[in-house]
Each structure stands twice: as structure tokens, then as C-alpha cells.
Amino acid sequence: EVNLLLHSAPPEIVRFSDDGRLALSIEPSGLYRVRDIESGAFFDFIGKVGGAAIDAAFAPNGSQFLVISPTSLAVFDAMTGTLMHREQREISIKAMTAVRGGQGWLLLESDGRVWYQPSVVSGVDRSPVPTGRTLPADAERLLATEGGTLIAAAGNRIWLYPQRDGSRHELTIGADIDEMQISTSGQALVV
């Protein structure tokens with residue numbers, strides 16, 4: 001059976017929770033739709049994040065999702081659409097990823113700095129904090145493994161930053177990277 005996320009306009013962003021149970025799609029108008037893939041139930045949310053969304057991601061446990069726009073970042077409850085946290089500022093985030101095995105997201109700024117945005121505990125306002133990591137300024141994609149390795153990419157280059165030793169490894173592949181994902185097992189990188 002195929003469950004469709006019906007929109008009045010084609011969504012610009014579609015993201016799935018780590019367990020594959022929830023799908024988030026965002027129209028250019030700011031209409032957010034979260035659908036429970038198993039039951040087919042969906043909830044519509046009108047985004048109030050300061051313009052068109054740049055990117056979005058679920059928290060690792062699927063209970064929240066983060067949306068970034070040019071002027072803000074916002075954390076929403078995935079089941080109710082309740083705005084749980086908003087950071088109102090000029091945003092220069094180029095990429096973001098959920099922290100696998102953790103509670104929150106990593107955000108990649110245009111200058112290469114990496115920030116940690118914790119997921120939100122009911123009623124507690126939590127802002128992004130610096131991680132101390134700086135990646136190449138031309139990095140456009142970002143992933144994190146459950147073991148803490150950061151993976152960044154730009155063009156046809158991939159950088160690996162293992163947490164255990166702080167080293168950096170660079171790979172060059174034969175084509176530009178448009179998208180990358182880590183397998184559910186965390187054992188394979190798909191580009």
C-alpha cells in the first residue's frame with residue numbers, strides 16, 4: 001500500500017523519522033504536514049518560522065521536528081504541531097542532521113561552525129550551543145553517526161571526523177553529492 005502526502009502545491013522538503021513511522025512535508029507556502037505512515041493519520045501545521053523553510057529534520061525519537069528558515073529556527077512537537085522553541089535571528093545554516101542515539105540536531109553554519117540544538121523538554125527554552133567543531137566552509141551536507149562521527153560533504157568530496165580521535169579524513173568520489181544518508185544500521189553511507 002502507498003500512502004501519499006497530498007498537498008495543494010508540491011512540497012519543497014520531505015523528511016522521514018528514523019524509524020520510518022512519520023513523514024514531514026513542507027510546501028512553499030509554509031504548510032507543514034506530518035503523517036503517521038502506518039495509520040495514515042495526518043496533521044496540518046502552518047509554519048510560523050519567518051519565511052520559506054530551508055531544511056527540516058525529525059529528532060531521533062520522532063517526537064519533535066526542527067525547521068530552519070532564513071530568519072529563525074523552530075522546534076515543533078510532531079504529534080500536536082505545538083511550537084516548543086523558537087530562535088529568532090538571521091540564520092546562516094547550510095545543513096543540519098539529527099544526532100543519532102541522542103536528543104537533538106547538529107547545525108552547520110555557512111562559516112563551517114557546528115552547533116548543537118538540543119531537543120526541547122516541555123516548557124524549557126533551549127538555544128543552540130557551539131560544539132567546538134569547525135568544518136570546511138564549503139561543506140554543504142552534514143550527517144552524524146550514532147558513534148559520534150561527523151560526515152560532511154561538498155561537491156565530490158566527503159570529510160569524516162571520528163569523535164574518538166578528532167582526526168579528519170577526506171575522500172573524493174567520481175560525482176557531485178546531491179544527497180547523503182546513513183543506513184538505519186549506521187554501517188553504510190549512501191550518496
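The model is a predicted one, where local features need pLDDT of at least 70, side-chain atom pairs count only at pLDDT 80 or more, and totals for chains, interfaces and linings use all residues. Residues are numbered from 1 along each chain as its sequence is written, and side-chain values use heavy atoms, with hydrogens and water left out. Below, the overall picture comes before some individual residues.

**The protein as a whole**

- The protein has 18 strands and zero helices; both are DSSP runs numbered from the N terminus, with helices (H or I) needing at least four residues and strands (E) at least two.
- Of its 191 residues, 45% count as buried, where buried means under 20% relative accessible area, exposed means over 50%, and partly exposed lies in between (1.4 Å probe, protein chains only).
- The accessible surface comes to about 9,400 Å², and 52% of that belongs to carbon and sulfur atoms; such areas come from the Shrake-Rupley method with a 1.4 Å probe, and for residues only the protein chains shown count as cover.
- Among contacts between residues at least 6 apart in sequence, 33% join residues at least 24 apart; a contact means heavy atoms within 4.5 Å.

- Leu24 counts as buried because its relative accessibility is 0%.
- Not counting residues up to four places away in sequence, Leu24 touches Ile13, Val14, Arg15, Tyr32, Arg33, Val34, Ala56, Phe58 and Phe65.
- Leu24 and Phe65 are 41 residues apart along the chain, with 8.4 Å between their C-alpha atoms.
- Gln64 belongs to strand S6, residues 64–69, and is buried because its relative accessibility is 6%.
- The contacts of Gln64, again not counting residues up to four places away in sequence, are Ala57, Phe58, Ala59, Val75, Phe76, Ala78, Met84, Trp105, Ser119 and Val120.
- One of these partners, Ala78, is 14 residues from Gln64 in sequence and 4.7 Å away in space, C-alpha to C-alpha.
- Ala98 is part of strand S9, residues 93–98, and a relative accessibility of 11% makes Ala98 buried.
- Leaving aside neighbours within four places in sequence, Ala98 is in contact with Phe58, Pro60, Gly104, Trp105 and Ala144.
- Ala98 and Ala144 are separated by 46 residues in sequence and by 7.3 Å in space, C-alpha to C-alpha.

**Salt bridges**

- The structure holds six salt bridges, each being a side-chain nitrogen of Lys or Arg within 4 Å of a carboxyl oxygen of Asp or Glu.
- One of them joins Arg15 to Asp55, with the closest N and O atoms 2.7 Å apart.
- Arg15 lies in strand S1 (residues 13–16) and Asp55 in strand S5 (residues 55–58), so this pair ties together parts that are 40 residues apart in sequence.
- Arg15 is partly exposed, with a relative accessible area of 27%, while Asp55 is buried at 13%.
- Arg113 pairs with Asp111, their closest N and O atoms being 2.7 Å apart; Arg113 is partly exposed at 37% relative accessibility, and Asp111 is partly exposed with 38%.
- Glu170 forms a salt bridge with Arg168, the closest N and O atoms lying 3.4 Å apart; Glu170 is partly exposed at 41% relative accessibility, and Arg168 is partly exposed at 47%.

**Charges and loops**

- Glu140, Asp176, Asp178 and Glu179 form a negative surface patch.
- Patches are made of residues with over 30% relative accessible area and no salt bridge, with like charges joined within 9 Å and nonpolar side chains (Val, Leu, Ile, Met, Phe, Trp, Tyr) within 5 Å.
- For charge, Asp and Glu count as negative and Lys and Arg as positive, while His and the chain ends are not counted; a charge is placed at NZ of Lys, CZ of Arg, CG of Asp or CD of Glu.
- Glu179 sits in the loop between strand S16 (169–172) and strand S17 (181–182), and is partly exposed at 44% relative accessibility.
- Glu146 is in the loop between strand S13 (141–144) and strand S14 (150–154), and counts as exposed because its relative accessibility is 63%.
- Glu146 and Val99 are 47 residues apart in sequence and 7.1 Å apart in space, C-alpha to C-alpha.
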